[in-house]
Amino acid sequence: MSAADWLEQGLPHIWLPYTQMQTTPPPLPVASTKGSRITLADGRELIDGIASWWTACHGYNHPHIAQAVRGQLDKMPHVMFGGLAHEPALTLARRLAALLPDPLERVFFCDSGSVAVEVAMKMSVQFWLNQGFTGRTKFLSFRGGYHGDTFACMSVCDPEEGMHSLFAGALAKQIIADLPVDEASEAAFDRLLAAHAEELAAIVVEPLAQGAGGMIFHGAEVLQKLRRAADRHGILLIFDEVFTGFGRTGTMFACESAGVVPDIVALSKALTGGTMGLAATIASRKIFEGFLSDDPLHALMHGPTFMANPLACAAANASLDLFEQEPRLAQAAAISEALKLGLAPCRDFPRVKDVRVLGAIGVVELDRIDDMNGLKRRFVEAGVWVRPFRNIVYLTPALTIGEGELKCLTDAVVAVVGERARGS
């Protein structure tokens, strides 16, 4: 079946993500991927500037990951994780615990980043319930934050950013604050925390970089303030590292940069190197021990059917091999410098509000984007795959991207944003 055939015959039956399908052009048919390139069915090649929503940290089709998945497929593609265990999952759990700072040591596997955050929230509430605290059921999160599209996760996202505003009446009411980035916001945060401390289970934050909420960066000192405040009020601290984990901000995990250890961390996205869905919620020793009891109801009653899928765990173990064997963090540092240099000309364009870089994340923020579909089309015409959102054009390439490919990306952003900024 040709691409024209399967696209034409399949589109009437598919529901695409984040897409108003009445007005949006059809998706581009993809034939194959390799490295940092997407080959379309008509033969055109696009340099991928966003690594498939930040997942393909080693590029597409890395042979080491592919070999690991093939080998696991021959032995055992899946087995339930209730009452059974298998080597890929237990090895991966041990390795993740070793990579994360002590006392983060207990790994609960699930399917996606949203579910990993949901599990972290559920753990937090039940931790307090198991201790006899029935009122600690709310969460404090931050404007500009995004934590997923499921109902609990939507409730801790920025309520004003629009993606989930339709659901306001159906969501649990949480406490939403400004990040404490200066004296005024820190004072307001402290007052808010003091007023609600007895009803809060945890603080939820994306460390260093708030991703889908606007690619907003903050310093390590903000996370240190959150840790001190959480300890002062006896509240748990959750780091959502679905976006920031696995080298994206320049260290393996964002918490390392800040020298702050959360009580629970959520991981996904690049966990398998972009090969298949897998997520993990890793809890501290204290959290885990809060579930140990003679009472069966004190157990964590959660269990996704495909949790700890052996194929996905094999891919994740192979991805961790690559972080050990190849210079990914050095590559992230080189990408950071190239993004700073390559995107700098955008600072001089009208309508550009900011240009910022953190690790392997480069952002050009405009005052607005009037024709989103037209802007996306121009990037494809320029030979790159870049997906702007809201008023943001951003790059989060594979950590393995070639120097020339990265320059093509930054040159395309400068050219296309320059056109739009000048109204041409």
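User: How many aromatic pairs does the structure hold?

Analyst: The structure, which is a predicted model, holds 10 aromatic pairs, a pair being two rings of Phe, Tyr or Trp (for Trp the six-membered ring) with centres within 6.5 Å. Residues are numbered from 1 along each chain as its sequence is written, and side-chain values rest on heavy atoms, with hydrogens and water left out. Local features need pLDDT of at least 70 and side-chain atom pairs count only at pLDDT 80 or more, whereas totals for chains, interfaces and linings use all residues.

User: Why is the pair of Trp54 and Phe243 called tilted?

Analyst: The ring centres of Trp54 and Phe243 lie 4.2 Å apart and their planes meet at 45 degrees. Planes under 30 degrees apart would be stacked and those over 60 edge-to-face, the rest being tilted, so this pair is tilted.

User: What makes Trp54 and Phe243 a link between distant parts of the chain?

Analyst: The two residues are 189 residues apart, with Trp54 in helix H2 (residues 51–54) and Phe243 in the loop between strand S10 (236–240) and helix H9 (254–258). Helices (H or I, at least four residues) and strands (E, at least two) are DSSP runs numbered from the N terminus. Both Trp54 and Phe243 are buried, meaning under 20% relative accessible area, while exposed is over 50% and partly exposed lies in between (1.4 Å probe, protein chains only). Trp54 and Phe243 also form one aromatic cluster with Phe389 and Tyr394.

User: What are the centre distance and plane angle of Phe246 and Phe253, and which class do they give?

Analyst: The centres of the Phe246 and Phe253 rings are 5.3 Å apart and the planes stand at 65 degrees, so this pair is edge-to-face. Phe246 and Phe253 are both buried.

User: How do you know that a charged end sits over the ring of Phe288?

Analyst: The charged end of Arg106 lies 3.8 Å from the centre of the Phe288 ring and sits over that ring, a term that requires NZ of Lys or CZ of Arg within 6 Å of the ring centre and within 35 degrees of the ring normal.

User: How do you know that the residues of the "binding site" annotation do not all gather at one spot?

Analyst: In the UniProt record, an unreviewed entry, the annotation "binding site" covers Gly113, Ser114, Asp240, Pro304 and Thr305. These residues span 193 residues in sequence, and the farthest two C-alpha atoms are 22.6 Å apart, so they do not all gather at one spot. Such annotations may be inferred rather than shown by experiment, and their positions follow the numbering used here, with shortened feature names.

User: What makes Lys269 buried, exposed or partly exposed?

Analyst: The relative accessible area of Lys269 is 25%, so the residue is partly exposed. UniProt, again in an unreviewed entry, lists Lys269 for "modified residue: N6-(pyridoxal phosphate)lysine", and the residue has its place in the loop between S11 and S12. Thr272 is found in the loop between strand S11 (264–267) and strand S12 (279–284), and at 1% relative accessibility Thr272 counts as buried.

User: How many residues along the chain lie between Thr272 and Asn391, and what separates their C-alpha atoms?

Analyst: Thr272 and Asn391 are 119 residues apart along the chain, and their C-alpha atoms are separated by 30 Å.
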